[in-house]
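Hi,

Here is the two-chain file I promised to pass on.

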Amino acid sequence: MRIVIAVSLISLLLSCTVEPEPLEYGQDACHTCRMTLVDKRFGAELVTTKGKVYKFDDINCMLAFFNSGEVDHRGYAYKLVVDFDKPASFTEATEAFYLKSAALKTPMASQIAAFSRKEDMETRKKELKGIYLVWGELVTQFK
Amino acid sequence: MRSSIHILLFFCLFPFLNQAKTVTVDPKGPVSTVRKAVDLAAPGDTIIVRPGTYREGNLKIGKPLVIIGENYPVLDGEKKYEILTIQSHDVTIKGLRLINTGSASMEDVAAIKVINSVNIAITGNQIINAFFGIHFSNSSRSSVRDNELRATAVAEDQIGNGIHMWKCHDISIEHNRVEGHRDGIYFEFVTHSFIIGNTSEKNLRYGLHFMFSHNDEYRNNAFIDNGAGVAVMYTNGVKMYNNTFERNWGGAAYGLLLKEIKDSEVIGNHFTRNTIGIHLEGVSRSTFDKNDFTANGYAVRLQASCDENNFVRNNFSGNTFDFATNGSMVLNTIDGNYWDRYQGYDLDHDGTGDVPYRPVNLYSMIVERIPSAVLLWRSFLVMLMDRAEKVIPVVTPENLKDNAPSMKAYDRVKERI
């Protein structure tokens, strides 16, 4: 009997895993600017180690929250950004390739798109012009 | 003397020097396409388009022209093309019916697109099922008037905005009707402009979306039943007069969402049956005067990040919560409003109550922290707690009170601004 209780307790605990949530475009609101998410090429998400999920419509909204200190920088289980070329799908923010271009009309005017593959970023860079950035530069730029 | 004769001669000859001709487009006439007419016309000419359906793909207008439709001739984009692309000064587009533009994820395909232009008038057109309706960028001194825009999209990402303005100044948007787009009217980096007498209804996201657009004014508009209401953000010096915000219901819907606003005025507006009448975040030095809040979930939700705002002469009636806040510091004044829940008295008959009114409900503070607690609202215990809190404030901000509540609702007929 005790084993049954223990097993069920453990399985209960395990079911509360920390997981990212998909962005529901047209329904979810950005945590920083309160706008409803609509553009599937842009978006970001932070998930804390306690499982709290913050959703954003643009990278500058995510960085505003990230730099606000409301959550400690080590307190995130996931830092995710939407891949510009794969609408509504996430890639790890710290490893993504970023393109800042005036031709990018993002929801909050950050002018930044994220890519999971460097080749995709290079292709868009030829088309849209602009500059290539990585995570570290991005975080300091929006401080 | 000589010079005055010259001037006289000039004025006599002026009409001939400047004679613009008219080109008529008729499906059965010698000029049967709009494209041909645009090619034939000299700068400053007028093109009259006779009734008919014209399927001509994308038409580029690169010189000053007046294009007038008779009885709404149809320009059909066949769900493939942007219909009119204007890149010239002094262009008028009037009385056309533009239907079925193409759509794209990278480009903003529009029924009428205006780029880098001055002195453009878009008047009295019907735009049906466009991706973007009227799209201006980098343009100025132009007007968009008496147009009707209707679209039938189901998802926000499948449709663009009705009237979209990006990096413009001195624009006037008057008496248009926008329905079923993503955002009805969209302003980003637009300054010194007017939005007057428009109706923006049943749009999927915002009725009006306003970002980084300083010193604009919008008055006498109606924003009804939009997915998320109206958002005005990151802007200084905006004037909002006599607008109606109605029936904006939903989890993330606001009659009016104000975020990072400074030195602005919200006067004489009506907020009726919205989930949240006005939500304020980071709003400073602004005036909220003579507004009516009727039958909203929250009339005003004031976040602690707001300061030096003044609420005066507003009517609050039939709202579930009159005022909600998430902080204990109060840096705003709310003196001299009418509250239908006020239970004080007026012994000296000066029209204002003798005891202050505290509009923040204890339970609204709890709901601010635990949203699902709203389930217990109107239960007996909650009512008891609320009464006790009214007598001895513990949770609600002590200083958030109306020191001179009006005994009677303000009569708006007598005092229009």
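**What I found**

Thr46(B) stands opposite Val66(B) in S5(B); a bridge partner here is a DSSP bridge, and two strands count as paired if DSSP finds at least two bridges between them. Before going on, the housekeeping: this is a predicted model, where local features need pLDDT of at least 70, side-chain atom pairs count only at pLDDT 80 or more, and totals for chains, interfaces and linings use all residues. Residues are numbered from 1 along each chain as its sequence is written, while chains are lettered from A and ligands numbered from 1 in the order in which they are written.

**Chain B**

Back to Val66(B): in S8(B), its bridge partner is Thr92(B). S5(B) (residues 65-69) pairs in the parallel sense with strand S2 (residues 46-49) of chain B over four bridges, and with strand S8 (residues 91-94) of chain B, again parallel and over four bridges. Helices (H or I, at least four residues) and strands (E, at least two) are DSSP runs, numbered from the N terminus.

Which residues of S5(B) are on the covered face, and which on the uncovered one? Leu65(B), Ile67(B) and Gly69(B) are on the covered face, whereas Val66(B) and Ile68(B) are on the uncovered one. In a regular strand the side chains alternate between the two faces of the sheet.

Overall, chain B holds four helices and 37 strands, and its C-alpha trace spans about 85 × 60 × 30 Å along the principal axes. Of its 417 residues, 42% count as buried (20 or more other C-beta atoms within 10 Å of the residue's own; 12 or fewer is exposed, in between is partly exposed, and C-beta atoms are placed from the backbone). As for contacts (C-beta atoms, placed from the backbone, within 7 Å), 45% of those in chain B between residues at least 6 apart in sequence join residues at least 24 apart.

**The core**

The largest nonpolar core has 127 residues. By nonpolar core I mean a set of buried Ala, Val, Leu, Ile, Met, Phe, Trp, Tyr and Cys residues joined through C-beta atoms within 7 Å. Among the residues with the most contacts inside this core are Val81(A), Ala114(A) and Leu98(B). Leaving aside neighbours within four places in sequence, Leu98(B) is in contact with Leu75(B), Ile83(B), Ala111(B), Ile112(B), Asn125(B), Ile127(B) and Ala130(B).

**Chain A**

Chain A has four helices and seven strands, in the pattern α-β-β-α-β-β-β-β-α-β-α along the sequence. Of its 143 residues, 34% count as buried.

S1(A) and S2(A) pair in the antiparallel sense over four bridges, with Val47(A) opposite Val53(A). Their hairpin has four residues between the strands, and Gly51(A) takes a positive phi near 95° there.

Why is helix H2 (residues 59-66) of chain A largely enclosed by the rest of the structure? Six of its eight residues are buried, so the rest of the structure largely encloses H2(A). The buried residues of H2(A) pack against S1, strand S2 (53-56), strand S3 (76-82), S6 and helix H4 (135-141) of chain A.

There is also an open sheet of three strands in chain A, in the order S6-S5-S7, with antiparallel pairing. Strand S6 (112-115) and strand S7 (131-133) of chain A are at the edges with a single partner strand each, so one side of each has no neighbour in the sheet. On average, neighbouring strands of this sheet are turned by 30° against each other, direction ignored (axes are lines fitted to C-alpha atoms, for helices over the stretch in contact, and angles run from 0 to 180 degrees between N-to-C directions). Helix H3 (residues 118-128) of chain A packs on the sheet and touches S5, S6 and S7 of chain A, its direction making about 10° with that of S5(A).

**Between the chains**

Met35(A) is in the loop between helix H1 (2-15) and strand S1 (44-48) of chain A, and counts as buried because of its 26 C-beta neighbours inside 10 Å. Not counting residues up to four places away in sequence, Met35(A) touches Ala29(A), Cys30(A), Asp57(A), Pro107(A) and, across in the other chain, Ala231(B). In total, 12 residues of chain A are in contact with 14 residues of chain B.

Cheers

Note on methods:
Contact = placed C-beta atoms within 7 Å.
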